[in-house]
Amino acid sequence: MSVCDIVIPVYHQPELTRDCVASILRTTRIPVTLIIVDNASDAATKAVIRGFSPNEFVKIEVIENAENLGFGKAVNQGLRRGSSPFALILNNDTFFTEKCLEIMLGIARRHPDIGLVNPESSNFGVRPAPGETADDVARKLAPLAESCVEFGNCIGFAMLVKREVMDKIGYLDEAFGLAYFEDTDFSMRAKAAGYRCTKACGAYVYHHEHK
């Protein structure tokens, strides 16, 4: 059974999408279901998506939309398709490193009141130094695997959510349109329901941002 659903909405960006999924396939060693929601991408991106192959840990499902429904609606499609106890909402311009998902899951499991988890990331100013790779950064952060810090709200570029949170407060609010602020609103609703938003200090996901 899948431990976590990974939901990736995609709108164009074939190279970044390829790199993102390749990083998941390379680093993930727990059973997950990767749910790719294609928001009517161009032919090049569709070809990349259709070319992905699952492995022993990563099952792949694809939802193809006839039009661009935007971030919130696409994510909700993926969340509703999944049934795992956790879901990771992930942008397609991100890059996984070793054990990042396992570390995030560990934080969520050890703290019943944590509902949402971000990884450490370039989003928060932690970037590879010249000559370093994202994996090098992850190895430096590995000793912090059991540490987390509380956030005012989590960001949807790589946001782990407990299924129980969705059962209590629902999914992303689709009233925000194509993109932006769904994650802030979701975080606020989760906190109102008694959950904490945190960052897993030892997990690292590189985010290209604004792609």
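User: Where is Asn-91 found?
Analyst: This is a predicted model, and in it Asn-91 is found in the loop between β4, residues 86-90, and β5, residues 94-96.

User: Is Asn-91 buried or exposed there?
Analyst: Asn-91 counts as buried, because its relative accessibility is 17% and the cut-off for that class is under 20%.

User: And which residues is Asn-91 in contact with, leaving aside its neighbours within four places in sequence?
Analyst: With those neighbours set aside, Asn-91 is in contact with Ile-8, Cys-20, Phe-71, Gly-156, Phe-157 and His-207.

User: Switching to strands: how many residues of β8 are buried?
Analyst: Five of the five residues in β8, which spans residues 158-162, are buried, so the strand is largely enclosed by the rest of the structure. Both of its faces are covered, with Ala-158, Leu-160 and Lys-162 buried on one side, and Met-159 and Val-161 buried on the other.

User: How many bridges join β4 to β8?
Analyst: Five bridges join β4 to β8, and the two strands run antiparallel; within β8, Val-161 is the residue that stands opposite Ala-87.

User: What about β6 and β8, how many bridges there?
Analyst: Strand β6, residues 114-121, is joined to β8 by two bridges, again with an antiparallel run, and the bridge partner of Val-117 in β8 is Leu-160.

User: OK, β2 next. Which of its residues are on each side?
Analyst: On one side of β2 are Val-32, Leu-34, Ile-36 and Asp-38, on the other are Thr-33, Ile-35 and Val-37, and all of these are buried, which leaves both faces covered. Seven of the seven residues of β2, residues 32-38, are buried, so this strand is largely enclosed by the rest of the structure.

User: In which sense do β1 and β2 pair, parallel or antiparallel?
Analyst: Strand β1, residues 4-10, pairs with β2 in the parallel sense over seven bridges, and Val-37 of β2 is the bridge partner of Pro-9.

User: Last topic, helices. At what angle do α1 and α2 pack?
Analyst: Helix α1, residues 14-27, and helix α2, residues 43-50, pack at an angle of about 15°, and their axes are 9 Å apart. That angle makes α1 roughly parallel to α2, and their crossing is right-handed.

User: Which residues make that contact?
Analyst: From α1 the contact is made by Pro-14, Thr-17 and Arg-18, and from α2 by Ala-44, Thr-45, Val-48 and Ile-49. By type, the residues of this contact divide into four nonpolar, two polar and one charged.

Methods. Residues are numbered from 1 along each chain as its sequence is written. This is a predicted model: local features need pLDDT of at least 70, side-chain atom pairs count only at pLDDT 80 or more; totals for chains, interfaces and linings use all residues. Side-chain values use heavy atoms; hydrogens and water are left out. Axes are lines fitted to C-alpha atoms, for helices over the stretch in contact, and angles run from 0 to 180 degrees between N-to-C directions. Helices (H or I, at least four residues) and strands (E, at least two) are DSSP runs, numbered from the N terminus. Angles under 35 degrees count as roughly parallel, over 145 as roughly antiparallel, 65 to 115 as roughly perpendicular and the rest as oblique. A crossing is left-handed if the near helix is turned anticlockwise from the far one by less than a right angle, and right-handed if clockwise. Contact means heavy atoms within 4.5 Å. Ala, Val, Leu, Ile, Met, Phe, Trp, Tyr, Cys and Pro count as nonpolar, Asp, Glu, Lys and Arg as charged, and the others, Gly among them, as polar. Buried means under 20% relative accessible area, exposed over 50%, partly exposed in between (1.4 Å probe, protein chains only). Two strands pair if DSSP finds at least two bridges between them.
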